[in-house]
Amino acid sequence: MRNSRTNGQEVVQPALARRWNVRVYVRNVNKPIWTHACGILLMFWWNVALGVVPRHPQNITWCMESSLTTMEDRYLCLLEMALTGSLTDEAGRCNGSKHACDLRAVLPYSSAMRFFGNDWPPLGHTMVGHVRLRNIRHTLEACIADSVEGDFAELGVWRGGASIYAKAVLATHGVQNRRVFVMDAFESLHQYGNHKTFLQTSESQVKHNFFKYGLLDSGVTFIRGLFKDSLPNFKDRYPETRIAVLRIDSNFYDSYQDALYYLYELVPTGGFVIFDDVMSHAAVMRCWQDFKKEQGLPEELEQIDDHSAFFRKMKQIRVNFSYFRQPQDANLSLR
């Protein structure tokens, strides 16, 4: 990892991106998005020209680049291909029907869409795409290099792919004293409408996915339940826990509010907070903006792709619960 300055602020530049010669476009989300559209397109086509994003599915060679000189790099790249479903590109991509992913009518695989997490893989174990998986590696490796204490925690895991990848990154570095917390309702949520069946996973299914990759051990902790129920007593159950990388993938205002109010203090200075869907879900962005303003946070989001953003924690705060809002979406009871 290295740091550079953008608008007077330090921005983490991923070492892996430099090794692969990947051009990463990072913008400050406080600026109007239209001013950056050309930049995003330019970076995309620059990466296509370099071969980092293949023009055609049959030309995928991400794990055969000569710059991947170590077995660790090759292992993580192959794992990335498997988890995202790019390794089984013949399965295509979900067709967006009312049933979310009708396997009888899948669409052709798109390497560009999968790279940026803009489709749903029928058989993959994560839908975050390649760029967001690499962000997980970048942030974990920064915490290891800088001796930032704490574990990895993901809230909202679907089939577990992102958490599996985090566990693999820790394993390749020989890290055994950092846990991976896997937190999810592990039940069907009515707020997902017609997609709820496809998006529903069980705890046993995700554990089995960890097992298939050889990464299920005592360092993986599963926490089941809606965040409003599972998070309030988290600090009591794990009093010594710090979270070096907090990744939230929960779609709703209420879910993000629960995560930030109950877990933000556990992220040490120098740790990272990743929002999977803050750029594509207005309710999530509103939650972040409310929390940032009312808690007096100096951090600014750095965009990862069309959906996600992250920041590195600059200062510790004491979360003020007087701003905690009443349920707005995920925590509303069915009537």
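1. A word on conventions. This is a predicted model, in which local features need pLDDT of at least 70, side-chain atom pairs count only at pLDDT 80 or more, and totals for chains, interfaces and linings use all residues. Residues are numbered from 1 along each chain as its sequence is written, and side-chain values use heavy atoms, with hydrogens and water left out.

2. Helix α3 spans residues 71-84; helices (H or I, at least four residues) and strands (E, at least two) are DSSP runs, numbered from the N terminus. Its 14 residues reach 20 Å from first C-alpha to last, close to the 20 Å expected at 1.5 Å a residue (the expected span is 1.5 Å times one less than the number of residues). Among the buried residues of α3 are Leu76, Leu79, Glu80 and Leu83 (buried is under 20% relative accessible area, exposed over 50%, partly exposed in between, with a 1.4 Å probe and protein chains only). Just after α3, glycine 85 has a positive phi of about 85 degrees.

3. Now the sheet. Seven strands make an open, mixed sheet, ordered β5-β4-β3-β6-β7-β9-β8 (two strands pair if DSSP finds at least two bridges between them). At its edges, β5 (220-224) and β8 (302-303) each pair on one side only. Strands β6 (residues 243-248) and β7 (residues 272-275) run parallel and are joined by four bridges, and valine 245 stands opposite phenylalanine 272 in β7.

4. The whole structure holds 19 aromatic pairs (rings of Phe, Tyr and Trp, the last by its six-membered ring, with centres within 6.5 Å; planes under 30 degrees apart are stacked, over 60 edge-to-face, the rest tilted). Tyrosine 264 and phenylalanine 291 form an edge-to-face pair, at 5.5 Å centre to centre and 75 degrees between the planes. This pair links distant parts of the chain, 27 residues apart: tyrosine 264 is in the loop between α11 (253-263) and β7, and phenylalanine 291 is in helix α12 (residues 282-295). Tyrosine 264 is buried at 0% relative accessibility, and phenylalanine 291 is buried at 2%.

5. Phenylalanine 275 and phenylalanine 311 have ring centres 6.0 Å apart and planes at 70 degrees, so this pair is edge-to-face. Phenylalanine 275 lies in strand β7 and phenylalanine 311 in strand β9 (residues 309-312), 36 residues apart. Both phenylalanine 275 and phenylalanine 311 are buried.

6. Which residue lies over the face of tyrosine 264? Lysine 313 does, at 4.0 Å from the ring centre (a charge sits over a ring if NZ of Lys or CZ of Arg is within 6 Å of the ring centre and within 35 degrees of the ring normal).
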